[in-house]
Amino acid sequence: MLRDYQQRAIDQLYAWLSSNQGNPCLVLPTGAGKSHIVAALCKNAVQSWPGTRILMLTHVKELIEQNAEKMRLHWPNAPMGIYSASIGKRQLGEPITFAGIQSIAKKSHLIGHIDLIIIDECHLVNHNDEGGYRKLINALQAINPELRVVGLTATPFRLGHGLITDKPAIFDALIEPVTINELIYHGYLCPLKSKLTHAQLSVEGVHKRGGEYIESELQKAVDIEETNIAVVDEVIKLAENRTSWLFFCSGVEHARHIAEALRFRGITAEVVTGETPKAERASILRDFKDGKIRALTNANVLTTGFDAPSIDLIAMLRPTMSPGLYVQMAGRGLRVSDNKDHCLVLDFAGVVQTHGPITGVNAPEAQGSGNGEAPVKVCDNCHELCHPTVKQCPVCGWEFPAPKPKSLMLHNDDIMGNELQEMEVSGWSWKRHTSQKSGKDMCLITYYGALSEPPVKEYLTIAHEGYAGKKAMQLLVSMAENAKTFIAGVRNIDQLCDIMNEALYPKAIQYRKNGKFFEVINRAW
């Protein structure tokens with residue numbers, strides 16, 4: 001049985017595919033259950049359209065196994081095969097194939113006709129027309145020109161390239177059916193908390209290549225015995241009674257040295273790197289999940305495909321310019337477990353200050369040629385694209401906050417962003433609002449709580465063009481579904497507001513203040 005947001009993801013995906021050409025990407029937070037969505041999608045497609053052939057691609061053995069396992073759970077007799085050298089299976093010919101890209105990239109002649117390709121962790125697909133994924137897709141499109149590609153990721157951007165929909169990327173649209181805050185609100189994910197750390201890793205003198213720190217220089221800069229001792233001592237002090245610690249280190253030697261420092265202080269600790277033999281790695285991970293190992297250090301291997309819900313402390317010792325890597329590291333602590341009510345994140349590497357809270361990560365900018373348009377900034381309230389020099393949004397009037405000096409250290413709960421407030425909703429009001437400056441129309445939604453509570457106002461820019469308008473329309477469709485009403489065929493904003501005023505309003509909302517405006521994060525019906 002799918003959760004409501006998982007079914008919503010499939011419904012929104014079908015709606016987009018039925019009315020658009022091209023390839024969409026489902027953006028789902030770590031821990032949202034992408035493998036369940038994939039399984040339900042495959043089952044529905046094959047049963048609804050007999051003869052459909054699906055190729056499910058990913059890049060690591062663990063994800064192939066997870067996706068195949070969930071497929072069998074949803075459909076025990078599913079007509080499926082696995083093609084992966086690391087798993088030791090080369091099964092082709094079934095309607096559904098789960099495959100590793102490294103094993104199957106050059107096997108288009110064996111695969112033949114495919115109707116749908118689903119790619120997990122699709123931010124790894126190259127923007128340019130090169131690399132294993134793109135070459136395989138091109139070869140299969142030559143066999144079936146009507147082939148569609150659906151991506152799934154928690155991080156829809158690539159370092160140095162921007163959003164994965166920025167051309168010449170293969171994906172055309174982002175579909176975002178659920179947020180981290182909504183999943184935490186409903187108890188599907190565990191919140192993260194952070195504490196100020198005194199020890200800080202320095203990247204002074206470390207050069208970058210392709211926008212990221214050069215690993216050899218980075219490890220040399222941060223793997224200093226005195227610093228390692230200070231970091232470990234601080235982790236032990238702040239950990240209190242937490243029992244499952246995961247360390248992200250800057251290289252193999254760094255991971256080994258941190259583990260040695262932990263053991264010297266009486267903490268059971270092991271190391272996992274790309275050099276760890278498969279059998280030994282499996283044994284270590286099993287003991288860590290079973291609680292026999294308290295601390296696990298790693299270098300570049302436990303970011304995707306690793307699921308250990310008991311993790312209640314994450315130590316970030318790996319400075320990175322990649323927001324995707326940051327989200328993957330932090331995401332290891334989001335899983336729900338009986339042994340914790342939150343996961344503590346200790347950011348010794350300054351990645352939260354670099355990329356922002358995980359609820360609003362700063363996507364990397366695309367590398368330009370110098371001939372592009374002038375830079376813009378986006379209004380946090382209505383998502384209007386504004387000139388970088390304006391102090392107030394010309395559409396909704398939101399005042400951009402003055403630049404703040406960058407904090408050198410993390411303060412409590414910064415990793416989740418500003419603290420959310422809740423309101424039990426007693427009613428709502430929808431009406432058309434016209435910007436005095438731009439003349440553009442939008443919906444103004446006012447949520448009412450108790451008599452003593454000030455109302456919360458939200459602007460929905462459905463009449464806007466570009467990304468702001470598309471995102472607002474996605475939100476509107478989701479709200480209408482939850483409000484048990486139909487908006488198909490609505491002719492204008494006034495008619496829409498009349499319909500929504502009679503619809504079921506949410507039971508509660510979560511929101512935060514942005515300047516003098518509000519940002520509604522979650523709505524619960």
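Helices, taken as DSSP runs of H or I with at least four residues, are numbered from the N terminus, and on this basis Lys484 is found in the loop between α14 (466-482) and α15 (493-501) of what is a predicted model. The phi of Lys484 is near 60 degrees, a positive value in a residue other than glycine. With a relative accessible area of 67%, Lys484 lies over the 50% cut-off and is therefore classed as exposed.

A positive phi also occurs at Glu121, where the angle is about 55 degrees although the residue is not a glycine. Glu121 is placed in the loop between β6 (116-120) and α6 (132-143). Its relative accessibility is 4%, which is under the 20% cut-off, so Glu121 counts as buried. A further backbone feature is the cis peptide bond that joins Lys167 and Pro168, for which omega is about 15 degrees; Pro168 is located in the loop between β9 (162-163) and β10 (173-175).

With regard to the overall fold, the chain contains 15 helices and 26 strands. The radius of gyration of the chain is 24 Å, close to the 24 Å that the globule rule gives for 525 residues, so the chain is as compact as a globular protein of that length. The C-alpha trace spans about 65 × 55 × 50 Å along its principal axes. Of the 525 residues of the chain, 53% count as buried, and among contacts between residues at least 6 apart in sequence, 69% join residues at least 24 apart. The accessible surface of the chain comes to about 24500 Å², and 50% of that surface belongs to carbon and sulfur atoms.

As to charge, the chain carries 55 positive and 57 negative side chains, the centres of the two sets lying 2 Å apart. The count of salt bridges comes to 15. One of these is formed by Glu275 with Arg256, the closest N and O atoms being 3.1 Å apart. This pair links distant parts of the chain, 19 residues apart, with Glu275 in the loop between β15 (269-272) and α11 (278-289) and Arg256 in helix α10 (residues 252-264). Glu275 is exposed, with a relative accessible area of 54%, whereas Arg256, at 32% relative accessibility, counts as partly exposed. Both residues belong, together with Glu253, to a network of salt bridges.

Another salt bridge is that in which the side chains of Arg263 and Glu270 meet, with an N to O distance of 3.8 Å. Here Arg263 counts as partly exposed at 40% relative accessibility, and Glu270 is likewise partly exposed, with a relative accessible area of 30%. The side chains of Arg512 and Glu519 also meet in a salt bridge, for which the N to O distance is 3.3 Å. In this pair Arg512, at 10% relative accessibility, counts as buried, while Glu519, at 25%, counts as partly exposed.

Methods: Residues are numbered from 1 along each chain as its sequence is written. This is a predicted model: local features need pLDDT of at least 70, side-chain atom pairs count only at pLDDT 80 or more; totals for chains, interfaces and linings use all residues. Side-chain values use heavy atoms; hydrogens and water are left out. Helices (H or I, at least four residues) and strands (E, at least two) are DSSP runs, numbered from the N terminus. Buried means under 20% relative accessible area, exposed over 50%, partly exposed in between (1.4 Å probe, protein chains only). The radius of gyration is taken over C-alpha atoms; the globule rule is 2.2 Å times the number of residues to the power 0.38. Contact means heavy atoms within 4.5 Å. Accessible areas come from the Shrake-Rupley method with a 1.4 Å probe; for residues, only the protein chains shown count as cover. Lys and Arg count as positive and Asp and Glu as negative; His and the chain ends are not counted. The place of a charge is taken as NZ of Lys, CZ of Arg, CG of Asp or CD of Glu. A salt bridge is a side-chain nitrogen of Lys or Arg within 4 Å of a carboxyl oxygen of Asp or Glu.
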